[in-house]
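Please keep the sequence and the structure in view while reading.

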Amino acid sequence: MPEKNREFNIDGVIEEFEALTKDAGRVQRETLRRILEENGEAEYLQNLGLGGRTDPETFKACVPLVTHKDLEPYIQRIADGDASPILTGKPVTSISLSSGTTQGKPKLLLFNEELVYSTMQIYRLSFAFRNREFPIGNGKALQFIYSSKQFKTKGGLIATTATTNVYRSEQFKSTMNDIQSQCCSPDAVIFGPDFHQSLYCHLLCGLIYSDEVQFISSTFAHSIVHAFRTFEQVWEELCADVREGVLSSRITVPSIRESVSGLLSPNPDLADSIYEKCVGLSNWYGVIPELWPNAKYVYGIMTGSMEPYLKKLRHYAGNLPLISAEYGSSEGWIGANADPGLPPESATFAVLPDIGYFEFIPLREKPREQELERSAPTIHYTESEPVGLTEVKVGEEYEIIITNFAGLYRYRLGDVVKVAGFHNSTPKLKFVCRRGLLLTVNIDKNTEKDLQSAVEEATELLAEEKLELVDFTSHADMSADPGRYVIFWELNADACSDDVLHSCCDRLDRSFVDAGYISSRKAQAIGPLELRVVERGTFQKILDHYLCLGAAVSQFKTPRCVGTSNSEVLQILCSNTMKSYFSTAYG
Ligand code: AMP
């Protein structure tokens, strides 16, 4: 057993999880009791007439289902400096900002010690599961992690993204030590004010410690793909830095310069070896195992909106396994990947029954084209009464409701999940999509997942041309009559024939199989789908735009639908459009 595992008992962590999940129903009741007792003082709960009762039945009868909008006034009071127990019994230590990339604007949420604790709990559990299957030795991790801007609220609390709140916590470093995941880069790089400089230095530090790196990771897979796309551009400069032992002049932030320069000394042998390996690669296939020969896997969230990046990630990772990381949000954690050996496309998340109290609103999916004649087609989902964690059924879809130690009581997270099976008596969830409707013009309703599937089908035509889709998003254009879907694509090369792109456009249009869409297209109540090809680097501009607003790269998810309210992003997309194609799929 590696040295450090003596302190952190991997088997013990899994055994504890096994015991908890064998009795998930009881653990859930117990967790609800603890949440309600610890926060019994909170004004929000006081007003709901629980009268000290903590059983699930009373809880459901007294506490309403809420969305973030309902809690906003309470959270705002806390941010403004009201220190009385409003949503939680214990004091709130800081405010978290969600990435804001799925909804358009960041949500304010509470952050406290309980969230730090549960984050460490899920990190340890996930590590235990993956280390059982893919053991790593002592060494380091090349982690593409970045803090985001921090600011003080009117009431003096620090507000920043949840990941930054975690990186700032005392427990983070010691947990990373325990789970053998010490980042190659110094803190100055993680907390640097300029993302581009931090990314360059993450790559450089990774190269300096190339023999020690045990795995490559980031919170979301997008950051890893982004890092290696950048590597393709800057690898020669990185080699020069390693060779000379002098940091590139592109690094101007003094704290980053100082700390990274301290790690550098002239190393021509390493530089030669990196150079030879890079020139020997074919189109960067397998660059990760080539440069980090002791890496055992690539790790990060690869499900949901990260799936479109998997192909490129596999390309860079070559023969290394891709392990999909845990499921959670700024609001709180939900589940860990207990089967890390499965490919990301099949990843599921076993819910930790002591991390929160979970309910599930059963959803019945909207009817598809073939069901159109038999039923009213306009309902996207029908929903019924929420059920408990152990009452969900395999194969069914649900919206998750969270009650946790961070001041959320029956909070609709807005994510749709499918129950893939059970780990003992706790469900294993497959992430489906965000609940919010994405594209709708008429009676059509297409989700992020529907868009993703359509894009996946259409890009098959690109593969035949050896072209890649770098990123994509969409917009429902209502300025025209009838309205229509506009899909924006960034490709990895400018040379693509108009014929191919026309075919892609038609294929996209046909690949939306939602009954409402097809019938509206046939009746010309929705206009022909438009495919717009944007200049290379457009999605980088969108990322930069979000970073300016305070988002964290660590939590960045490309917005898959850009509404008119998101005028700046829409403007970036429109002003960078190079070519446009209209579908002829429906005549
Ligand atoms: P944020 O709080 O802004 O970081 O975003 C949290 C959201 O990211 C969740 O509500 C999910 O929609 C998505 N998310 C988080 N973890 C996963 C995962 N493992 N798979 C798919 N989507 C995820």
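## Basis of the model

The structure is a predicted model, in which local features need pLDDT of at least 70 and side-chain atom pairs count only at pLDDT 80 or more, whereas totals for chains, interfaces and linings use all residues. Residues are numbered from 1 along each chain as its sequence is written, and side-chain values use heavy atoms, with hydrogens and water left out.

## Overall form

Along the principal axes, the C-alpha trace spans about 70 × 65 × 45 Å.

Contact here means heavy atoms within 4.5 Å. Among contacts between residues at least 6 apart in sequence, 72% join residues at least 24 apart.

## Nonpolar cores

In soluble globular proteins, nonpolar side chains tend to be buried together. A nonpolar core is defined as a set of buried Ala, Val, Leu, Ile, Met, Phe, Trp, Tyr and Cys residues joined through side-chain atoms within 4.5 Å. The largest such core has 154 residues, of which Ile216, Phe228, Phe231, Trp292, Val298 and Phe360 touch the most other members. Helix α11 (residues 221-244) gives the most to this core, with 11 residues. A second, separate core has 29 residues, including Val441, Leu451, Leu501 and Leu508.

Leaving aside neighbours within four places in sequence, the contacts of Val298 are Ile216, Ile224, Ile288, Leu313, Ala317, Leu320, Pro321, Leu322 and Ile323.

His226 lies in helix α11 and is buried, with a relative accessible area of 13%. Beyond four places in sequence, His226 is in contact with Phe195, Leu199, Gln540 and Leu543.

Helix α19 (residues 538-548) has Thr538, Phe539, Ile542, Leu543, His545, Tyr546 and Leu547 as its buried residues. The elements that cover them include α10 (195-208), α11, β18 (469-477), β19 (484-491), β20 (530-534) and α20 (567-575). Just after α19, Gly550 takes a positive phi of about 105°.

## Two further buried residues

Thr31, in helix α2 (residues 24-38), is buried at a relative accessible area of 2%. Apart from neighbours within four places in sequence, Thr31 is in contact with Pro353, Asp354, Gly356, Tyr357 and Phe405. Thr31 and Ser384 are 353 residues apart in sequence and 24 Å apart in space, C-alpha to C-alpha.

Leu461 belongs to helix α16 (residues 448-464) and is buried, with a relative accessible area of 13%. Outside the four places on either side in sequence, Leu461 is in contact with Val500, Ser503, Cys504 and Arg507. Between Leu461 and Gln571 there are 28 Å in space, C-alpha to C-alpha, and the two are 110 residues apart in sequence.

Methods:
Buried < 20%, exposed > 50% of the residue type's maximum accessible area, 1.4 Å probe, protein only. Helix = DSSP H or I, 4+ residues; strand = E, 2+ residues; numbered from the N terminus.
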